[in-house]
Amino acid sequence: MSSPQVRVRFAPSPTGYLHIGGARTALFNWLFARRMGGEFVLRIEDTDGERSRPELIDVIFRALEWLGLDWDGTPVHQSERGHLYSAAIETLLANGDAYWCACSPEEVKARAEARGGTPGYDGHCRERGLGPGVGHVVRFRVADTGTTAFDDLIRGHVSFENANLEDFVVQRSNGSPMFHLANAVDDADQGITHVIRGEDLINVTPKVLLLRHALQAPGELIFAHLPLIVNEKRQKLSKRRDDVSVGDYIDRGYLPEAMVNYLATLGWGPSDGVEIRPLAEIVAMFDVSDVGKSGAFFDVKKLQHFNGEYIRALTVPQFVSRSTRWLFEDAPWPAESFDIATFEVLAPLVQERVKLLAEVPSFVDFVFAAEPTIDEDSWQKVMVKGADLAVAVLDHALVQFADCEWTAAGLDAALFSYAEQHEISKGKVQAPVRVSVTGRTVGPPLFESLVVIGRDETLRRLGSARARL
RNA sequence: GCCCCCAUCGUCCAGCGGCCUAGGACGCCUGCCUUUCACGCAGGUAACACGGGUUCGAAUCCCGUUGGGGGUGCCA
């Protein structure tokens, strides 16, 4: 009757914000679950009371929601399941699979150095028959011989010599469980079938396997270790040195569709080579065993390209609505001078020019600010080095714009009559007007911009710039 | 040090023994379009780390070397 249901989990630790690596792990778990018609559940791994910051849990949930990775059921918090871990530890102790250890971290380290620098616990308390006590931890007894191995969906057969595994801690001296233990217990308790996680955790897999075996966990857990996402130096992305907070990408105006799509191309790629495509298609094509093995560089330039594509694919109303946040928060103009209807006129022109939503204000600031912000390089190039032409063009525009038809076509005819008369390229002729009115050499199409600004203000800015020459 | 993993253009992916003169995408360069920028379009640049095998045949399989990464916590 019950076909083997697939159930995967994303298990963030609330010691920081959701970062790019975590988002990718969550995404691949989600893709696998949705592809297999299984479940994707969340587990908050907050066994380390000192490092966990409860307030971050909600931040992580919101980032997942932003990405569109919906989860099944109610998230489980390890901090509320202490009894399960305690019971497991009791079992291990009772069966002789674990023992109490009174060695402090300093002692363990000192003995390791005395041995010749090989790190790790030496089994000092293995046969001492110790019981609970202040500063005592519980260690798992790893067999001295044999191997612990597993077949990874991505990496194939991976095996470890037990002799290279130390007797690791399963319960801290403060009584809280270590994550391997909580992990083994929860995966079994929650009926997890597949563990898809970063390769940085591949070395703890034998510990979890040993624990599961000792605890007689039912079924077999299938692992898939994802290649790490790396920085330009090909090192694992780090919160300290790299720009990895998903929240920061939200603030810069990346679209979640673009982020998720891009993340899906890191370590995996559709066989037909079409990278930018709807999530539903990715779900349909996804297969964990097709995931690559080597680290993938997080290329922001390529992410931006994806984002630009997604922005341009938006309808104009969608673009306007998605941009609003950047139009009101920290915008480079007084809030009261902003007018959404005016923005809507320019929106289509801005939409095809930005790669990030956060860039939107810089394309329309000259409309809402009292004065254009003059870009020095632009001014130098057009108004100083090209002063002669600038003077002539501005004088021409000042006259022509005073009574021409105030439409893009009317302005075009009025200004470019100068280009025709003097056989100068339109590009050169429009530059002084653009810099005078918008402050820069680049921006949305000029005449549409002037229409929005209005005749009076355009003439005022033209006159003001002319006076500076 | 020890353990584990990895190795195709600068980057991401395709390639799963012959279809490879190695394909697509980003980036970069050139041109076209054009009132700037951007978009779009047309081109170009550029890779199977090295050495041995296996095979009629290897980017694809095996071994080694080199290089890179990860782990080595009473963090996860």
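This is a predicted model: local features need pLDDT of at least 70, side-chain atom pairs count only at pLDDT 80 or more; totals for chains, interfaces and linings use all residues.

Residues are numbered from 1 along each chain as its sequence is written, chains are lettered from A and ligands numbered from 1 in the order in which they are written, and side-chain values use heavy atoms, with hydrogens and water left out.

**Overall form**

Chain A has 19 helices and twelve strands; helices (H or I, at least four residues) and strands (E, at least two) are DSSP runs, numbered from the N terminus. Its radius of gyration is well over the value from the globule rule, so chain A is more spread out than a compact globule. The radius is taken over C-alpha atoms, and the rule is 2.2 Å times the number of residues to the power 0.38.

| Property of chain A | Value |
|---|---|
| Radius of gyration | 31 Å |
| Box of C-alpha atoms along the principal axes | roughly 100 × 55 × 35 Å |

Buried residues make up 49% of the 469 residues. Buried means under 20% relative accessible area, exposed over 50%, and partly exposed in between (1.4 Å probe, protein chains only).

**A three-stranded sheet**

Strands E1, E2 and E3 form an open sheet in that order, with parallel pairing; two strands pair if DSSP finds at least two bridges between them. E1 (7–10) and E3 (76–77) stand at the edges with a single partner strand each, so one side of each has no neighbour in the sheet. Four bridges join E1 to E2, and Arg9 stands opposite Val41 in E2.

**Nonpolar cores**

A nonpolar core is a set of buried Ala, Val, Leu, Ile, Met, Phe, Trp, Tyr and Cys residues joined through side-chain atoms within 4.5 Å. The largest one holds 103 residues, and those touching the most other members include Ile20, Phe298 and Leu415. Helix H1 (residues 20–36) gives the largest share of this core, nine residues. Another core, of 21 residues, lies apart from it and includes Ala88 and Phe168.

**Glu45**

Glu45 is found in the loop between strand E2 (39–44) and helix H2 (55–67). At 11% relative accessibility, Glu45 counts as buried. Its side chain makes a polar contact of 3.3 Å with that of Gln78; such a contact is a pair of N or O atoms within 3.5 Å, where within protein one must be able to donate a hydrogen and the other to accept it, and residues adjacent in sequence count only if both atoms are side-chain atoms.
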